[in-house]
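User: I am new to this structure and would like to learn how to read its features. Could you take them in turn?

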Amino acid sequence: MRVFFKLYPIEVITFLWIIVTSLYINIFPHSLNFTTEHHLIRDRLLIVASFAVLYILHKQTKWQLFHYIRQIWPFFLILYWYPETFYYNQEFFKNVDSALIAADQWICGFQPSTMFSLWISASWFNELMNFAYISFYIALTFILVYFSIVNREKAYFSAFILLNVFLLYYAFYIILPAEGPQFYVCHSPVYAIPITGPMRRFLLFIQSLGEIPGGAFPSSHVGAMTSYMILLWFHDRKIFWYFLPFSILLALSTVYIKAHYMIDAITGAILAFPFYFYSVWAWNKLNHWLHLARS
């Protein structure tokens, strides 16, 4: 128990995610899809072991490098947690795509996810939309590197906030799986986005590494980027204005490349506000609690 009190907030929420999802997998074994409980538990044990190694190295060497790594690297586990949700998202619904399509039809009177790329099909715009979608990953890395240089504590804060926000979106993917238009709707060549340039090819390569048919609603791309912009508004207003155009293009790109329905993007942006402020509250509470426990 004393070891637990020596964890950092970002490690606490990571362990909580591991515990909660492990309990979910054991309570709802029928939710498993294309995998086994053994496989998922094995991966979790490997992640916990890596935390233990870092903790021991930090304790024994007292190097500040391990202090930094322990508070930053758990954020990059989003690359694992996101596709993993696909493996246990079948307990309550197979998918909710039909409801999302109906919502888009009610709001717009048409299907933006299938029509957007047909309306504006120019090669330069196609490449711009693909670059905008990719820029999301660049932005996430930039904020951690930037704050690591100018204010290390803000880097730790940013990693915690963004990871917590992502995990909240991933919880939706477990309960309400949605394949998204690129998997559920756009099998016809009529709706396919032409491969016209390097940005499109690069995005397809990235998606081949970890894109899943089950993480569409709500859009974590739009939601996390909105949280990102809220964070910048409060902590670095100058950088906020630089990234504002990219965030707008990103929101458009999620529908253009058919990763999301429009309702996914709208819901993702709306939820970003309570998710962000809840994450700030959790950061403050965990820091206060861990500080008292160590005293």
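User: Which residues does Thr254 touch, not counting residues up to four places away in sequence?

Analyst: A word on the source comes before the answer. This is a predicted model, in which local features need pLDDT of at least 70 and side-chain atom pairs count only at pLDDT 80 or more, while totals for chains, interfaces and linings use all residues. Residues are numbered from 1 along each chain as its sequence is written, and side-chain values use heavy atoms, with hydrogens and water left out. Contact means heavy atoms within 4.5 Å. Leaving aside residues up to four places away in sequence, Thr254 touches Tyr133, Ser219, His221, Val222, Ala259, His260 and Ala265.

User: Where does Thr254 lie, and is Thr254 buried or exposed?

Analyst: Helices are DSSP runs (H or I, at least four residues), numbered from the N terminus. Buried means under 20% relative accessible area, exposed over 50%, and partly exposed in between (1.4 Å probe, protein chains only). Thr254 lies in helix α13, residues 237-256. Its relative accessibility is 0%, so Thr254 counts as buried.

User: What does Glu37 touch, not counting residues up to four places away in sequence?

Analyst: With those neighbours set aside, Glu37 touches Ile25, Asn26 and Leu32. Glu37 is found in helix α3 and is partly exposed, at 28% relative accessible area. Between the C-alpha atoms of Glu37 and Ile101 there are 33 Å, and the two residues are 64 apart along the chain.

User: How do the axes of α2 and α3 cross?

Analyst: Two packed helices are described by the angle between their axes and the distance between the axes. Axes are lines fitted to C-alpha atoms, for helices over the stretch in contact, and angles run from 0 to 180 degrees between N-to-C directions. The axes of α2 and α3 come within 11 Å and cross at roughly 165°. That makes α2 roughly antiparallel to α3; angles over 145 degrees count as roughly antiparallel, under 35 as roughly parallel, 65 to 115 as roughly perpendicular and the rest as oblique.

User: Which residues of α2 and α3 meet?

Analyst: From α2, Glu11, Thr14, Phe15, Ile18, Thr21, Ser22, Ile25 and Asn26 meet Glu37, Leu40, Ile41, Arg44, Ile47, Val48 and Phe51 of α3. This contact divides into 8 nonpolar, 4 polar and 3 charged residues. Ala, Val, Leu, Ile, Met, Phe, Trp, Tyr, Cys and Pro count as nonpolar, Asp, Glu, Lys and Arg as charged, and the others, Gly among them, as polar.

User: How do α2 and α9 pack?

Analyst: α2 and α9 pack at about 10°, their axes 9 Å apart. The two helices are therefore roughly parallel to each other. In α2, the residues that meet α9 include Trp17 and Tyr24; in α9, those that meet α2 include Phe160 and Tyr170. The residues of this contact divide into 13 nonpolar, 3 polar and no charged.

User: Which residues of helix α4 are buried?

Analyst: In α4 (residues 64-72), the buried residues are Phe66, His67, Arg70, Gln71 and Ile72. Among the elements that cover them are α2, α3, α8 (123-150) and α9 (152-175).

User: How many aromatic pairs are there?

Analyst: A pair of aromatic rings is described by the distance of the centres and the angle of the planes. Rings of Phe, Tyr and Trp (its six-membered ring) pair if their centres lie within 6.5 Å; planes under 30 degrees apart count as stacked, over 60 as edge-to-face and the rest as tilted. By this rule the count comes to 40 aromatic pairs. One of them is Tyr82 with Tyr173, which is edge-to-face, 6.1 Å centre to centre with 75° between the planes. Tyr82 lies in helix α5 (residues 78-84) and Tyr173 in α9, so the pair ties together parts 91 residues apart in sequence. Tyr82 is buried at 14% relative accessible area, and Tyr173 is buried at 0%.

User: Which residues have a positive phi without being glycine?

Analyst: Lys62, with phi near 65°, is one of them, and Lys258, with phi of about 75°, is another. Lys62 is found in the loop between α3 and α4 and counts as exposed at 60% relative accessibility. Lys258 is found in the loop between α13 and α14 (262-294) and counts as buried at 2%.
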